[in-house]
Amino acid sequence: MDPFGLFCTGALLACGLYWFVCLLGPAEQKGKRAVDLSGGSISAEKVQDNYKQYWSFFRQPKEIETAEKVPDFVDTFYNLVTDIYEWGWGQSFHFSPSIRGKSHRDATRLHEEMAVDLIEVKPGDRVLDVGCGVGGPMRAIAAHSRANVVGITINEYQVNRARLHNKKAGLDSLCEVVCGNFLEMPFKDNTFDGAYSIEATCHAPKLEEVYAEVFRVLKPGSLYVSYEWVTTDKYRGDNPEHVEVIQGIERGDALPGLRNYKDIAEVAKKVAFEVVKEKDLAKPPALPWWTRLKMGRIAYWRNHILVTVLAAIGIAPKGTVDVHEMLFKTADYLTRGGDSGIFSPMHMILLRKPQVPPTQS
């Protein structure tokens with residue numbers, strides 16, 4: 001090949017690589033590049049070992065059900081997946097119903113804004129985000145409501161990412177992030193004007209414990225809304241395919257065990273909340289929330305090739321390929337759960353802390 005042909009070929013490959021990595025690599029809400037993928041707070045050389053440690057929890061199912069083991073289990077999971085989530089999905093680590101004529105980004109924002117509208121907070125109110133991740137919902141909610149949002153996440157790496165994004169968005173004056181366990185929150189009693197959790201409390205070994213903590217820190221009369229991951233009325237425990245799908249979701253999302261939709265209100269009442277409203281936001285006429293997962297399959301293979309190459313040349317940590325493959329398999333289980341109607345990630349429950357504490361009998 002003549003020099004000009006070599007030059008053209010090299011230029012084409014360089015442009016293709018730039019397009020592949022820099023343009024196609026990031027998610028809708030850019031903020032993490034493929035070449036920056038890491039293991040969160042885990043050092044690069046220990047990512048693969050921690051991935052194996054994560055899977056070891058499932059070889060000892062009783063360990064997952066032990067409350068004191070779950071925080072480490074969840075923290076390990078989010079160290080492994082946070083960068084991949086942010087790169088491949090965006091800064092809001094949750095689902096939302098598809099909306100005709102709206103982008104996934106707009107549908108996500110509207111889903112988040114609905115949560116804060118439901119709890120009726122005013123500008124300047126202090127609101128708690130229970131399980132805030134890297135703060136995608138927090139920023140949308142703060143911008144929409146002008147409330148002061150305090151988020152809590154167990155993962156230190158997510159705290160740092162959230163603070164960085166808050167500052168870049170010019171919302172650091174409204175958004176505060178705390179590293180802590182939402183089963184033992186470092187907040188005083190009766191200090192928040194409202195609270196919400198978006199697909200986060202599914203990580204709690206016992207829902208009663210996190211609801212009790214939210215109840216404790218809320219001011220009397222204040223509202224709390226939660227979008228819960230649940231099995232629906234279509235789920236059958238004696239159906240092997242149903243069981244396989246639900247267990248696949250649990251393994252791939254660091255869940256101690258999915259709850260049935262019937263359990264949510266009962267748990268809330270047990271800790272003295274008043275149930276204001278309960279609705280599965282995934283049910284028709286809502287459009288499928290799993291559409292984005294189906295549409296993303298081509299992007300997955302593109303991303304998987306890229307992650308494999310980056311790991312092979314030492315840019316991405318060893319183990320990143322395994323984590324990415326795990327998340328793709330989990331996406332398939334989530335899609336099957338949505339298609340069959342046996343799983344919902346958005347069972348909404350709106351609760352109120354009574355003005356007068358319940359009398360002790």
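This is a predicted model: local features need pLDDT of at least 70, side-chain atom pairs count only at pLDDT 80 or more; totals for chains, interfaces and linings use all residues.
How many nonpolar, polar and charged residues are in the lining of the largest cavity?

Residues are numbered from 1 along each chain as its sequence is written, and side-chain values use heavy atoms, with hydrogens and water left out.

Let me start with helix H6, residues 136–145. Helices here are DSSP runs of H or I with at least four residues, strands are runs of E with at least two, and both are numbered from the N terminus. Eight of the 10 residues of H6 are buried, so the helix is largely enclosed by the rest of the structure. Buried means under 20% relative accessible area, exposed means over 50%, and partly exposed is in between, with a 1.4 Å probe and protein chains only. The buried ones are Gly136, Pro137, Met138, Arg139, Ala140, Ile141, Ala142 and Ser145. Their cover includes helices H5 (104–118) and H7 (156–168), along with strands S1 (126–130), S2 (148–153), S3 (175–179) and S4 (192–198). Just after H6, Arg146 has a positive phi of about 60 degrees.

Next, Leu334, which sits in helix H13, residues 320–340. Leu334 is buried, at 5% relative accessible area. Leaving out residues up to four places away in sequence, Leu334 touches Phe95, Trp229, Ile249, Asp253, Trp289, Leu293 and Phe343, where contact means heavy atoms within 4.5 Å.

Two of those names, Phe95 and Trp289, return in the lining of the largest cavity. A cavity is a set of points on a 1 Å grid over the protein atoms alone where a 1.4 Å probe fits but cannot get out, and lining residues have an atom within 4 Å of a point. There are three cavities of 30 Å³ or more, and the largest has a volume of about 90 Å³, a volume being the space filled by probe spheres set on points joined across faces, edges and corners. The largest cavity is lined by Trp89, His94, Phe95, Ser96, Pro97, Ser98, His104, Ala107, Thr108, Trp289 and Arg292. H5 supplies the largest share of that lining, three residues.

Back to the opening question: the lining has five nonpolar, five polar and one charged residues. Ala, Val, Leu, Ile, Met, Phe, Trp, Tyr, Cys and Pro count as nonpolar, Asp, Glu, Lys and Arg as charged, and the others, Gly among them, as polar.

Technical notes
On a 1 Å grid over the protein atoms alone, a cavity is a set of points where a 1.4 Å probe fits but cannot get out, and a pocket is an open set with protein on both sides within 12 Å along at least five of seven lines; lining residues have an atom within 4 Å of a point.
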